[in-house]
Amino acid sequence: MSDANVKQLREELDSINLELLSLLSKRASIVQEIADIKTKQGVTKFDPEREKEMLDRLVEHNEGPFENDAVRHLFKQIFKASLQLQKDDSKKHLLVSRKKQAEDTVVTLGSTQVGNGTPTIVAGPCSVESEEQVRAVAKALKNNGVTLMRGGAFKPRTSPYDFQGLGVEGLEILRRVADEYELQVISEIVSPSDIELATKYVDVIQIGARNMQNFELLKAAGNVNTPVLLKRGLSATMEEFLHAAEYIVSRGNKNVILCERGIRTYEKWTRNTLDISAVPLLKNESHLPVVVDVTHSAGRRDILVPLAKAALAAGADAVMVEVHPNPAVALSDAQQQIDIPTFDQFMTDLHASKLFPSLVESK
Ligand SMILES: O=C(O)C(=O)C[C@]1(C(=O)O)C=C[C@@H](O)C=C1
């Protein structure tokens, strides 16, 4: 075969490549149309039966020279790329996606901004137990320049026999003390019917891990303007987490903060496993601020500082930690909350790490 022949055959291949590309692009736009219909119908994109049907038909019509396995392999690649296209398109549609909004969402809470590039701290007791207890913690927060106070009034507990929280009385205590110390209040709400009421007391509505896919609660939180801190479910994928956030944002409430709080794994030395990769993944995929709850991730006190440093190094906008004046007698999570001297040391260690600005000096 002369060089001239090879040249001519290659030119033929070049033009066939272009024809194939144009056919593939035409196929891809039909695939996108199907994806739109599937999204509207709420049907999953992947359809293995349809893929098998197509492969069987192709093999039936295969006259060579490619072996049937080669034909199957080639078309499986096309289906795989088509499915990926459908998934990428559906991500573009999400309001929480960076593809939809390139700039970071910044949630303003009093004098503190979450998501503006300067990390901050959220701290407070697991449960509100009394005004004195909340006041002691608020004072410690104030001394450390922390302005965001968490505290549980409605407690979704694993056992119905465990302390269920003070309810509205707890919210009243939080509000009173927070106003006294010029703090912002973050508290969990568990029932859609309490969302309106919560807006009177809290600055941030927390939706807990166990309620991440309580869609009626998400919708109710989306209908108000109060910012929402949404915790990742115990076994939720990134996709499920972002779709849960989408429920809130799509209703009009754009002030959503995502919270990684550890996921269920086989490991027993920690209560949950902090999924540190969630932080950069969420920051890449979404414009929403990301908080890491080190207390619930670890379920133990001795590794809170390194976990907080890891979270900040990975790009977290805030770290959340539970503080109690006397953890030994706490009505919930006694083994994982830190006392006030330990909290002071926690803040000192973070400042020393240079990963975190000194909140006291900047005040
Ligand atoms: O026919 C569909 O339902 C499609 O979504 C199209 C298509 C394809 O590429 O042909 C894409 C993904 C599915 O797994 C099956 C088929």
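**Note on the predicted model**

1. Gly124 stands opposite Glu322 in β10. Strand β3 (residues 120-124) and strand β10 (residues 318-322) run parallel and are joined by five bridges. Strands here are DSSP runs of E with at least two residues, helices are runs of H or I with at least four, and both are numbered from the N terminus. Two strands pair if DSSP finds at least two bridges between them.

2. On the source: this is a predicted model, where local features need pLDDT of at least 70, side-chain atom pairs count only at pLDDT 80 or more, and totals for chains, interfaces and linings use all residues. Residues are numbered from 1 along each chain as its sequence is written.

3. Now the barrel. Eight strands close it in the order β3-β4-β5-β6-β7-β8-β9-β10, with parallel pairing. From one strand to the next, the twist averages 25 degrees. Angles run from 0 to 180 degrees between N-to-C directions, and axes are lines fitted to C-alpha atoms, for helices over the stretch in contact.

4. Next, a helix pair. The axes of α1 (residues 3-41) and α3 (residues 68-93) come within 9 Å and cross at roughly 50 degrees. The two helices are therefore oblique to each other (under 35 degrees counts as roughly parallel, over 145 as roughly antiparallel, 65 to 115 as roughly perpendicular, the rest as oblique).

5. Then the ligand. Residues around the ligand include Val31, Lys45, Asp47, Phe79 and Ser82 (C-beta atom, placed from the backbone, within 6 Å). α3 gives the most to this shell, with three residues. α1, α2 (48-60) and α3 each supply at least two.
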